[in-house]
Amino acid sequence: MTQTSLGLDWTNKRTRKREFLGEMERVVPWSALVALIEPHSPRARTGRPPFPIETMLRIHLMQNWFTFGDQAMEEALIDTPLYREFARLNIDADRLPDAITILRFRHLLERHGLAQQMFVTVNELLAAKGLVVKSGTAVDATIINAPSSTKNSSGQRDPDMHQTKKGQQWYFGMKAHVGTDLGTGVVHSLVTTPANAADVTQVDGLLHGQETDVFADAGYQGAARWTRAKVRWHIAMRPGKRRALDTGTEKGRLIDELERVKARIRAKGEHAFRVIKRQFGFTKVSYRGLAKNTAKLHTLFMLGNLWMLRKRPQLCGA
């Protein structure tokens, strides 16, 4: 005699993953994003009808949230009812999107630059809801590692990636340079480069033009020469110079405290990096080439902005 059920429905248990998807369901502006994609979506005249754009978009976002490749995403949809539910796929459907269908949708977004357009659209919606202050910006950059091995079909490392030294450690990959709103931590600007590009050279692309104050770490010394923007720069003192401060004097103590204040303000710009690297697991590039990874970063920072503001009442029901 076997006991197959106790009358419990475990599929409705509020797991952390279900809670996460429920929160993102509420804050992602689905209709606005679908409207961006729809003009570029192919319309089949014969054969099976294509999957709805919103379904494919939901699957694409789950790939970014949970670091699924195309084949892994196909298998996850087969294995996990929660993912099918979020994608709005009928549980009795006779077919599910396969890896090729998922790949083609991603290529559609890349081909038409839709990831960047979605990033801009979401930020415009956030600004309209009063969630972007625009008076202050923090600029910062982070290294995204890439495989340095040459054991691949080409026998070469990715030519779009380069190596750089940070401290005593060498890294190979790319950099994501961001401009972040000081009020809410929203990333409003993104520039990508090979890892060997100096942070300060990209500062002009990280300002939206309405800020009055910009905060940056010591790597941005001399930033005013790289932009025409008329702003007040608050750049951290170089570590060696700060260590040499005589904090036994009143002047030394004041300067040291000022550096602490600048660091606390500047830290707002680092929260977005934590979200994409720890929350979404993007610590290594997903593809060869800068363009594909730039598209992914636009998607991740768009989602990161929504994630960081998900508790704001203005955003629920976006």
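Analyst: Helices (H or I, at least four residues) and strands (E, at least two) are DSSP runs, numbered from the N terminus. This is a predicted model, in which local features need pLDDT of at least 70 and side-chain atom pairs count only at pLDDT 80 or more, while totals for chains, interfaces and linings use all residues. Residues are numbered from 1 along each chain as its sequence is written, and side-chain values use heavy atoms, with hydrogens and water left out.

User: Where does Thr142 lie?

Analyst: Thr142 belongs to strand β1, which covers residues 136–145.

User: Does Thr142 count as buried or exposed, and why?

Analyst: Thr142 counts as buried because its relative accessibility is 10%; buried means under 20% relative accessible area, exposed over 50%, and partly exposed in between (1.4 Å probe, protein chains only).

User: Which residues is Thr142 in contact with, beyond its neighbours within four places in sequence?

Analyst: With those neighbours set aside, Thr142 is in contact (heavy atoms within 4.5 Å) with Met174, Lys175, Ala176, Phe273 and Lys277. The side chains of Thr142 and Lys277 are also joined by a polar contact of 2.7 Å. A polar contact is a pair of N or O atoms within 3.5 Å; within protein, one must be able to donate a hydrogen and the other to accept it, and residues adjacent in sequence count only if both atoms are side-chain atoms.

User: Which residues of helix α10 are buried?

Analyst: In α10 (residues 271–279), the buried residues are Ala272, Phe273, Val275, Ile276 and Lys277. Their cover includes β1, β3 (169–181), β4 (187–194) and α11. After α10 comes Gly281, with a positive phi near 75°.

User: Changing topic, which residues touch the most other members of the largest nonpolar core?

Analyst: Met62, Trp65 and Phe301 do, in a core of 64 residues. A nonpolar core is a set of buried Ala, Val, Leu, Ile, Met, Phe, Trp, Tyr and Cys residues joined through side-chain atoms within 4.5 Å. A second, separate core has 13 residues, including Val203, Leu206, Ala216 and Tyr220.

User: What is Met62 in contact with, leaving aside its neighbours within four places in sequence?

Analyst: Met62 is in contact with Leu21, Thr67, Phe68, Met73, Leu77, Tyr83, Phe86 and Ala87.

User: And which residues are buried in helix α2?

Analyst: Trp30, Leu33, Val34 and Ile37 are buried in α2 (residues 30–37). The buried residues of α2 fall within an arc of 100° seen down its axis, so they line one face of the helix; the arc is that of the directions from the helix axis to the C-beta atoms. The cover over these buried residues includes α1 (16–27), α3 (53–66), α5, α6 (99–111), α7 (114–128) and α11 (290–308).

User: Where is Arg84 found?

Analyst: Arg84 is in helix α5, residues 81–86. The Arg84 side chain reaches the backbone oxygen of Ile78 at 2.9 Å.
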